[in-house]
Amino acid sequence: MAFGNEPVPNMWRVIRRIFVLAISTLFLALFVLWRIDNPRVENLRMALVDRFVPSFDWTLNPITSVSRMAADWQTIDSLYEQNRELRRELQRMKGWREAALQLEEKNARLRALNNVRLSPRLSFISGEVLTDSGSPFRQSGLLNIGRIDGVQDGSAAVDGLGLVGRISGVGEQTSRVVLLTDINSRVPAVIQPSSQRGLVSGDNTIAPVLEFVEDAEKIRPGDRVFTSGAGGVFPADLLIGQVATGPDGRLRVRLAADYRRLEFLRVLRQTPETIIEGSGELVGTQPDLPLETVEQAPESGQ
């Protein structure tokens, strides 16, 4: 069996050697042909190129397609990287835009604080709200101004729109303001234009209750509510808000201050009235004459 199958492998071995020899001879001939510098050989080379190269265009198409795909892939990769960079830049720009909007809003609130009309007898100091303890049991805030800034216990605190609350607790550098919405807040008020008096009582809601009104029939929703100055806790004529009717049918006050954005507050300091002593000295009276001059006066008249 082995002797019968032996000629077949030998034949394939011979054919393979002949094929390798032919390919090597062809490549060697082409190499020599392309290295000879002769006009006739040059013409032969051009004739071979014209004869065989167009026939191999179909073999070059896949290579060209692959090259184009590689170039397109590089372009797509570059575009993808640029897109990622633009997204990061857009994210940074959104952050700057948000910061600019916050600064613009803060600037508007500061301008609003500057536009508050105060009585000439009132001075003020502005502070920033550090924290807000808006819990269900206490409505208050902490300011970054205190005793060294001239803040006094019981002073009124306003924003750019209206009354916010009163100072209750003063430290050296901080103070606490109890908001009008706090359940312990009571503010004597007057309702215009009816000039009815009442009491604005906080109940831990955004709209305090208007109680102890003299004649509720004369009050209409939308009437403006101001501090009356009764009791000497708050100065008079500070805007609190407008009258509104609550879901429970009770009269409430829609506060003018923006409690959702309390960032800066103005603490009012009421200047005490100047007490004039010895008012007679202000009248231009003649000084007392010496006794001798008074006695000599009739003689001169004679």
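## Note on a predicted model: strands, core and salt bridges

1. **Strand β7 and its partners.** Strand β7 and strand β8 (residues 209–211) run antiparallel and are joined by 3 bridges. Two strands count as paired when DSSP finds at least two bridges between them. Within this pair, S201 stands opposite V209 in β8. Strand β7 also runs antiparallel to β6, here with 6 bridges. V187 faces V200 of β7 across that pairing. The two strands β6 and β7 form a hairpin, with 3 residues between them. In its turn, S195 has a positive phi of about 60°.

2. **Basis of the values.** This is a predicted model, numbered from 1 along each chain as its sequence is written. Local features need pLDDT of at least 70, side-chain atom pairs count only at pLDDT 80 or more, totals for chains, interfaces and linings use all residues, and side-chain values use heavy atoms, with hydrogens and water left out.

3. **Overall make-up.** The protein has 5 helices and 12 strands. These are DSSP runs numbered from the N terminus: helices are H or I with at least four residues, strands are E with at least two. Of the 302 residues, 25% are buried. Buried means under 20% relative accessible area, exposed means over 50%, and partly exposed lies in between (1.4 Å probe, protein chains only). The protein exposes about 21,800 Å². Carbon and sulfur atoms supply 58% of that area. Accessible areas come from the Shrake-Rupley method with a 1.4 Å probe; for residues, only the protein chains shown count as cover.

4. **Contacts along the chain.** Take the contacts with a separation of 6 or more: 55% of them are between residues 24 or more positions apart. A contact here means heavy atoms within 4.5 Å.

5. Strand β7 covers residues 196–201. Of its 6 residues, 5 are buried, so the strand is largely enclosed by the rest of the structure.

6. **The largest nonpolar core.** This core has 36 residues. L163, L210 and I240 have the most contacts inside it. A nonpolar core is a set of buried Ala, Val, Leu, Ile, Met, Phe, Trp, Tyr and Cys residues, joined through side-chain atoms within 4.5 Å. The elements giving two or more residues to the core include β1 (122–134), β4 (163–170), β6 (186–192), β10 (239–245) and β12 (264–270). The largest share, 4 residues, comes from β4.

7. What does L163 touch, leaving aside its neighbours within four places in sequence? Its contacts are A156, A157, V158, L180, V187, T227, F234, L238, L239, I240, A257 and Y259. V187, the residue opposite V200, is one of these contacts. I240, one of the residues with the most contacts inside the core, is also in contact with L163.

8. The structure holds 10 salt bridges. Each is a side-chain nitrogen of Lys or Arg within 4 Å of a carboxyl oxygen of Asp or Glu. R252 pairs with D203, their closest N and O atoms being 2.9 Å apart. This pair links distant parts of the chain: R252 is in strand β11, and D203 is in the loop between β7 and β8, 49 residues apart. R252 is buried, at 12% relative accessible area. D203 is partly exposed, at 24%.

9. E89 and R92 have their closest N and O atoms 2.4 Å apart. They sit 3 residues apart in helix α4 (residues 57–114), so about one helical turn separates them. E89 is partly exposed at 35%, and R92 is partly exposed at 41%. In the E81–R88 salt bridge, the closest N and O atoms are 3.9 Å apart.

10. **Nonpolar surface patch.** L26, F27, L30 and W34 make a nonpolar patch of about 420 Å². Patches use residues with over 30% relative accessible area and no salt bridge; like charges are joined within 9 Å, nonpolar side chains (Val, Leu, Ile, Met, Phe, Trp, Tyr) within 5 Å. W34 belongs to helix α2 (residues 7–35). This tryptophan is partly exposed, at 46% relative accessibility.

11. **R261.** Where is R261? It lies in the loop between β11 and β12. R261 is partly exposed, at 37% relative accessibility. R261 and V129 are 132 residues apart in sequence, with their C-alpha atoms 9.8 Å apart in space.
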